[in-house]
Amino acid sequence: MVTYRSTMVERIDLPSRETRERRLEEAGYNVFNLAAADVFVDLLTDSGTGTMSNDQWAALIRGDESYAGSRSFERLESAVEDVMGFPRVVPAHQGRGAENVLYGTLLEEGDVVLNNTHFDTTRAHVANQGADPVDCPVDAAFDLESAGADAGAGTGADSETDSHEFAGNFSLERARSVVDDAGEGAVSVVIQTITNNSAAGQPVSVENTRRVRRFADEIDATFVIDACRFAENAAFVRERENEFSDASIDEIAREQLGYADAVVMSGKKDGLANIGGFVATTDRDLLAECKQRAILYEGFPTYGGMAGRDMEAMAVGLREAVEDAYATDRIEQVRTFGRLLEDAGVPIYTPVGGHAVYLDAAAALPHVPSAEFPGQALVCELYREGGVRGVELGSFAFPDTDRPELVRLALPRRTYHRDHLEHVAETARTVLEKREAVSGLELASEPSIPELRHFTAELRPVSR
Ligand SMILES: Cc1ncc(COP(=O)(O)O)c(C=O)c1O
């Protein structure tokens, strides 16, 4: 049951089919090029797109815009300490700004960095320092077919026959083999991303975090948690890891984050804010160095790229994100969305993760070969049929990898209602009923950086 009501609303319109057809063509069959006003249900991302509470809006008024030592910064630091257990914070304009501050400080050319799965901006920042980002997901992470078979309460253990209840876990076995190949001392940083966005938003157990802490100690590496969705992760831990079945969301969050040397955060997710991020650490030397880099790239360390009012909104948002009712409802809404899609006969990744439902485009459009981007074809059909915007995360977004052909439908926080979710499920059902008429796509123009092509490339239907 949701424990809030809407006291402000925003009008949305479903453009006519004819308009949607035209807009899609004008956008070069890339929904990033659509105007938001032409989208009916926008599930492009959960990042910065959520609805703020009236308490957050009220807090904006308190914004202290002093360059140094503002009260807004103090309130942000207190919130981060109370909720996440880290007393010192370096703000940044958003998550990738925080990544630049932290990884620019920690990494040197030639270092190896391990992560359960690098999110794309994380990978880019690691590579930008001349370091080598290596993913260490468990086998269950990309196992779309058998996933969900054994979901349920458990221990959070991470043997390599890992259960699917924590498919976001970090594989120690993979990590050890990288260390064996790279040699002693090569791995300087170990990152755990909770939940694991690039692996369908799957959760990470606290037990896995403890093991990664011990592993980082063994190899003398710094242990960083990418905490963007720490509250959603804690909600899964409470459901699935027996030890925590009676714990509150914030107790779990502090327990899990407390194993890290530093956390890097995008406040646009579980900060429930539209902008902002930070680095937090207990290591005084690291903190001092991060502050220096923050001055260079973000701003003075007591605002670091954020307006005082935005720090206020995030301080309140962090406290709201760990309210038990909010966090439980959040993952429940995503799960309900998954059920609606399954009932409509849409193949999805199960169990459903924390912030999005991922559609299996290869199964949905089996006649479209990988070279013709089945995920992007599905994204375009969802828009054409129902004004729904999702994002392709398969062969179009990740060229030359063996990633599955996924389409992500991310739910902005506290924004859409069951009616919207039913509309999306019905839209997907109709697309699948007419699947034979859906054609693949080919590239019409491509930007110079292939890793970023899905943002701006244009496509056209393959003609037969
Ligand atoms: C796991 C993860 N890390 C880092 C980021 C980057 O955060 P931002 O978009 O605020 O720059 C994101 C954004 O989606 C993310 O999901």
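In this predicted model, a polar side-chain atom of serine 266 sits 2.7 Å from an oxygen atom of the ligand.

| Residue | Ligand atom | Distance |
|---|---|---|
| Serine 266 | oxygen | 2.7 Å |
| Lysine 269 | oxygen | 2.8 Å |
| Aspartate 226 | nitrogen | 2.7 Å |

Taken alone, the ligand exposes 390 Å², and the protein buries 96% of that (areas by the Shrake-Rupley method with a 1.4 Å probe).

Who else is around? The shell has 15 residues, and Gln94, Arg96, Asp226, Ser266 and Lys269 come nearest; a residue belongs to the shell if one of its heavy atoms lies within 4 Å of the ligand. By class, two are nonpolar, seven polar and six charged. Here Asp, Glu, Lys and Arg count as charged, Ala, Val, Leu, Ile, Met, Phe, Trp, Tyr, Cys and Pro as nonpolar, and the others as polar. Helix H4 (residues 95-106) gives the most to this shell, with three residues; a helix is a DSSP run (H or I) of at least four residues.

Residues are numbered from 1 along each chain as its sequence is written. Local features need pLDDT of at least 70, side-chain atom pairs count only at pLDDT 80 or more, totals for chains, interfaces and linings use all residues, and side-chain values use heavy atoms, with hydrogens and water left out.

How values were computed:
A polar contact is a pair of N or O atoms within 3.5 Å; within protein, one must be able to donate a hydrogen and the other to accept it, and residues adjacent in sequence count only if both atoms are side-chain atoms. Helices (H or I, at least four residues) and strands (E, at least two) are DSSP runs, numbered from the N terminus.
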